[in-house]
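Hello,

Here is the structure for your files.

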Amino acid sequence: MPPLPGQTSLLQCTGSLGCRIHGHVLDADPVAGEKLPDYSEFGPIVPTLPTQNDRYDRQILVQPEYMTIPRGLHSSISLVEPPYLATGWSIHMNPEGSPYHLHAGLHVVSDLPGNRTDSLRCWAEQFEAQARALGLSLPTEYELYLNPDAEGKTCKYYFVDHVNQTVFWLEDIDPYRHDIELPAACSVEHIKYALQEQYWKHCEYFPHRPVAAKHRNELIGILKQARADLLTSTMCTFPHTADECKEFLQIIESDDSAESNEYTNWIIARLWVTVSRHRYHTFYGEDFAKISLDQQRYDKAAPKRSAIDGALSVLFFYMPRKREQELKLLFVDEIAFSKHWRSFISTVLDDGRESCAMVPFISIGTASTLRHTNTISAAFASFSSMLALGSIASALLLSQRYAGAEKHHAINVAEHLSQLEHPTYGYAPVAAIYCLPRALMFWSTIFLTAHFLGGVLDLKGLIIQAPAIAFCFIFMMCLIKVNSVLGKGYTTSEPVGK
């Protein structure tokens with residue numbers, strides 16, 4: 001299965017693992033009339049990437065039918081004749097079930113059907129000739145992926161360097177002209193990890209080549225360090241959880257067989273895809289490496305504060321400020337992690353459920369002490385009931401909107417977070433909405449308390465009324481003070497501390 005559903009406009013992290021980052025879009029057009037490269041997307045040779053493989057998008061319909069089974073079929077009595085393959089070709093099987101073909105002598109691999117492999121030799125020889133014409137010496141351990149179209153007019157390709165763990169082409173890749181979905185980079189070293197991700201994606205799709213012991217051991221060390229970091233820090237940038245790292249380690253270390261196989265190679269390659277992408281996202285090896293989740297590396301205008309936002313923050317007991325900081329932390333540099341989203345949205349929904357659980361107590365309190373002769377107390381009771389209903393309604397709306405949101409992949413989370421962010425006010429408006437159930441329930445409780453204290457008006461005599469009025473005044477002052485104290489931790493625009 002693919003790690004994540006693909007999207008052409010987004011760079012994404014592996015499926016349930018977790019992260020996604022927006023790509024940088026190039027706006028300018030190439031200079032009109034400029035001569036195209038000799039090998040361009042407009043010619044017969046088309047550069048491509050492993051992640052642009054359409055293996056998960058192919059739609060082929062079949063029609064099963066009942067058939068007579070010959071005696072001894074698939075046994076030693078009557079073995080099925082293997083499909084025809086041209087000289088030098090061998091068929092391999094990806095652990096997911098898709099076959100592919102390899103020609104070790106030509107260093108060519110392809111996932112074309114077996115009846116179309118004859119044309120690949122011509123394309124491979126053409127690439128070798130072009131490399132010689134360009135004066136290029138191909139690496140000692142390389143592979144060439146070929147995928148010609150059905151008519152044989154064009155051929156998608158990329159080279160793989162197994163020694164340096166990268167992919168490359170016979171031309172300079174121009175993002176304006178070539179349909180190559182690589183992200184923008186800050187340096188030559190930075191783009192290295194984007195290319196390394198593509199290398200391991202190739203190894204995942206075509207896992208016939210044994211993974212070197214040093215890469216396997218390095219991956220084990222990375223997962224162990226990441227697990228320790230996750231257990232001791234809340235700002236670890238690794239996309240997996242500590243439990244997931246433990247499970248991955250158990251899978252890798254449990255296979256202690258001396259011989260490598262396609263299954264082990266596939267597992268290690270897929271995990272290395274995640275590690276390489278994580279290193280790209282965190283600027284691994286750079287002076288400005290992102291070593292904490294709240295570190296921002298891309299410039300972004302700070303959201304504006306409106307008077308309504310300030311008023312809502314006070315009226316909602318500064319809860320929106322906290323939610324706003326949490327939302328910002330979920331999408332620093334427009335990178336989203338599914339594990340952090342699951343924790344956040346679970347908290348939001350739990351707040352709604354807890355608020356709904358308070359409604360019966362509010363209803364009992366207002367109904368049992370309601371006095372129609374005391375209009376002030378009755379008004380407080382009505383306000384309390386209406387606010388409680390508002391709390392229930394907002395909680396139900398959030399619950400309906402985010403049903404199953406705990407299972408969303410990172411790409412869905414990132415798309416949602418980018419849509420929630422207001423271009424001017426950031427996450428302040430949606431943060432206030434997330435706080436509605438709890439804030440309204442708080443106000444419902446306050447009006448219920450005022451309803452109880454409103455009974456003071458039914459008391460007779462100054463000696464009895466004076467202490468009750470004083471108690472009401474002290475109670476209100478305490479609420480104001482508590483609200484002020486609670487707001488001190490969320491008055492800045494900085495992310496929550498480590």
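Helix 1 is followed by Gly135, whose phi is positive, near 75 degrees. Helices here are DSSP runs of H or I with at least four residues, strands are runs of E with at least two, and both are numbered from the N terminus.

This is a predicted model: local features need pLDDT of at least 70, side-chain atom pairs count only at pLDDT 80 or more, and totals for chains, interfaces and linings use all residues. Residues are numbered from 1 along each chain as its sequence is written, and side-chain values use heavy atoms, with hydrogens and water left out.

**Helix 1.** The helix runs over residues 118-133. Buried residues (under 20% relative accessible area; exposed is over 50%, partly exposed in between; 1.4 Å probe, protein chains only) are Leu120, Trp123, Ala124, Phe127, Gln130 and Ala131. They share one side of helix 1, because their arc around the axis is only 125 degrees (taken from the directions from the helix axis to the C-beta atoms). Cys122, Arg132 and Ala133 are exposed on the other side. The cover over the buried residues includes strand 3 (45-47) and strand 7 (142-148).

**Asp111.** This residue sits in the loop between strand 6 and helix 1. Asp111 is buried, at 9% relative accessible area. Its side chain makes a polar contact of 2.9 Å with that of Asn53. Another, of 3.1 Å, joins the side chains of Asp111 and Arg58. A polar contact is a pair of N or O atoms within 3.5 Å; within protein, one must be able to donate a hydrogen and the other to accept it, and residues adjacent in sequence count only if both atoms are side-chain atoms.

Best wishes

Note on methods:
Expected span 1.5 Å × (residues − 1). Contact = heavy atoms within 4.5 Å.
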